[in-house]
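Dear colleague,

I would be grateful if you would read the two together.

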Amino acid sequence: MSRPPAVPDVAGAGDGDAGPESGTAPAAPPGAPATGTADARHGGAAGRAKHRGRASGDTRFEAVLENLRTRIRGLEFAEDLPGAAEGAAARADVLHQLEDFVLPRVRRPDTPLLVAVAGSTGAGKSTLVNSLVGEQVTTTGVRRPTTNSPVLACHPDDVDWFSEASFLPTLPRVRQQGLAMPGKDGMLVLAASESMPKGVALLDTPDVDSAVAAHHEFAAKFLDAADLWVFVTTSRRYADARVWEFLQVARDRDTSMAVVLSRVPARGRRQLLDHFGAMLEANGLGGASRFTIPETDQIAGERFTSNVADPIRFYLADVAGDLVQRARVSRRTFIGVIDSFRERVPELARQVEVQVEVAQRLEASVRSAYGEAADEISDALEDGSLLRGNLLARWHDIAASGELMRTLRLRGKRKAKAAEAAAPRIEALQEAVRGGLEALVVAAAQRAADRVVESWEQVPGGARLAEAYAGDGADGFPARVRTAVAEWQDTVASMITADGATKRSVAKLVTFDKEAFTLVLIIELLGFPRLDDARRGSGPSPQRLLKGLFGAESLRSIGVAARDDLRGRIGGLLSEEKGRFTDALAAAGLPGEDDAVQLYQATYNLEIAR
């Protein structure tokens with residue numbers, strides 16, 4: 001890539017060749033490559049001393065960047081929900097550039113300058129790379145290596161750097177001397193060449209407009225890791241939308257860039273160049289260095305035989321050989337990336353907030369639905385609406401017959417006979433109570449689940465989360481309710497036998513039928529007093545049966561404890577059902593509100609540390 005010393009630098013932009021970018025070099029950011037001496041260029045004694053002199057500031061800047069990376073790496077986005085695709089893309093975009101470009105250059109002041117040759121399908125990128133290197137390092141044609149894997153050409157002294165985990169650490173790579181043949185998909189091929197100057201590397205990337213999405217995503221990854229873009233497009237494809245998407249990314253990040261228009265026919269050449277130049281100007285890229293490669297078949301050994309690539313080679317030789325020029329190119333891209341984080345990181349935080357809002361909406365629908373279910377059950381237990389139909393008919397049947405009264409008041413053999421006679425009806429009434437309570441709770445919970453599912457299905461991607469609930473043990477809920485109600489009935493009976501006042505009040509009766517008493521008390525607790533006269537019937541009420549036997553204070557105490565116990569059990573059952581929805585949300589990996597706050601804080605810290 002050497003340049004004859006007799007060829008002068010040319011400033012500005014033209015249609016044949018172009019010199020280095022003009023303008024005043026900005027102040028180096030903390031961690032930017034050291035410049036100014038040959039020792040600094042390759043990390044020699046002077047360069048290391050200068051780097052050590054900035055050690056305190058660099059360490060703080062690096063710590064801030066590491067914190068930002070940690071925050072971003074810890075982010076999760078729930079698939080299919082709003083903000084997921086945008087958030088995942090923004091996360092990968094910022095994270096890759098932090099790990100593949102920014103941090104390596106902060107940690108190592110002698111990082112080789114990476115020049116990425118990118119562009120359209122069939123633009124002749126591989127031919128250009130071979131021509132710039134001065135020997136064939138990559139093959140061209142329909143099945144060129146970049147279709148499968150990119151090729152990086154560098155001096156043998158620099159190949160270790162690109163083999164290390166600090167450069168694109170997740171990317172597998174293979175070393176090849178001389179000609180780099182195709183590798184496996186997703187593998188970087190390292191081609192060491194003595195023709196390359198030290199400290200500079202050329203990367204032949206996949207097509208940005210490949211029909212295979214993975215290829216142009218791969219290309220974007222390499223462009224994010226490069227100091228300088230040489231973007232190649234053709235006279236037929238320069239107006240394609242995909243081309244300008246990449247060029248606009250470079251513009252927005254103020255990336256150092258040269259643009260090459262290749263395969264330009266002699267006929268209409270001026271009109272093509274004028275139109276292309278106008279498009280560059282209109283898209284804010286008028287300051288990019290521009291080069292033209294005419295349509296030619298003068299290719300041998302898979303590189304140009306004529307001097308068509310010389311202006312580009314001379315330009316890159318200037319960048320590689322002039323330390324000030326090289327430092328300015330790398331600093332411009334570095335600062336542009338850091339500047340871009342002012343918008344890119346907050347945009348990532350906004351996508352986090354989108355998912356946080358979705359999570360809050362989904363969680364609110366769960367709380368609301370199961371809150372309504374709890375209220376429905378509580379109202380039914382208070383207003384006596386549960387005592388209707390079959391259950392109330394059974395109560396009237398057994399209460400009007402006098403069997404309950406005889407079972408409660410008699411003693412000895414007469415009591416035993418009465419209890420035996422009343423047992424079938426008491427058991428039937430007990431089963432009716434149990435079934436009524438079970439049906440009440442199950443129906444309310446099912447309505448709550450239906451409301452949640454309906455609400456979630458209104459959110460894009462919410463139906464998938466609802467399916468996670470439906471497939472996680474919902475069929476076992478009625479059995480759990482039945483067990484809980486049966487245990488509650490047993491608990492009420494235990495409360496009666498444990499109550500001292502009750503024991504004293506019935507001592508004169510010697511014994512009392514616990515099951516009968518429990519049943520009467522439960523009917524009372526289920527809201528019998530709040531039924532209207534028409535539904536109460538003509539038989540004795542639970543209160544009438546109980547008042548003659550037990551003190552009011554004792555009954556009140558047992559009633560309060562029994563109601564609280566029932567509400568607690570029902571609340572636990574509803575909480576379990578609600579928990580399966582919230583568990584589905586937790587398993588989805590939705591980010592938290594604090595994640596967005598931490599990203600905004602990390603952006604602020606980065607600005608302070610610069």
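**Pockets and their linings**

In this predicted model, 16 residues line the largest pocket, and Asp93, Glu217, Ala220, Lys221 and Asp224 are those nearest its centre. Helix 4 (84-107), helix 8 (213-224) and helix 9 (241-252) are the elements that each give two or more residues to this lining. Helix 8 supplies the largest share, six residues. By class, the lining of the largest pocket holds seven nonpolar, two polar and seven charged residues. The volume of the largest pocket is about 430 Å³.

The second largest pocket has a volume of about 330 Å³. Its lining also numbers 16 residues, with Asp93, Arg253, Ser340, Glu343 and Arg344 nearest the centre. Two or more residues each come from helix 4, helix 9 and helix 12 (323-383), and helix 12 gives the largest share, six residues. This lining comprises four nonpolar, two polar and 10 charged residues.

A pocket is an open set of points on a 1 Å grid over the protein atoms alone, where a 1.4 Å probe fits, with protein on both sides within 12 Å along at least five of seven lines; lining residues have an atom within 4 Å of a point. Volume is the space filled by probe spheres set on the points, which are joined across faces, edges and corners. Helices are DSSP runs (H or I, at least four residues), numbered from the N terminus. Ala, Val, Leu, Ile, Met, Phe, Trp, Tyr, Cys and Pro count as nonpolar, Asp, Glu, Lys and Arg as charged, and the others, Gly among them, as polar.

Residues are numbered from 1 along each chain as its sequence is written, and side-chain values use heavy atoms, without hydrogens and water. Local features need pLDDT of at least 70 and side-chain atom pairs count only at pLDDT 80 or more, while totals for chains, interfaces and linings use all residues.

With kind regards
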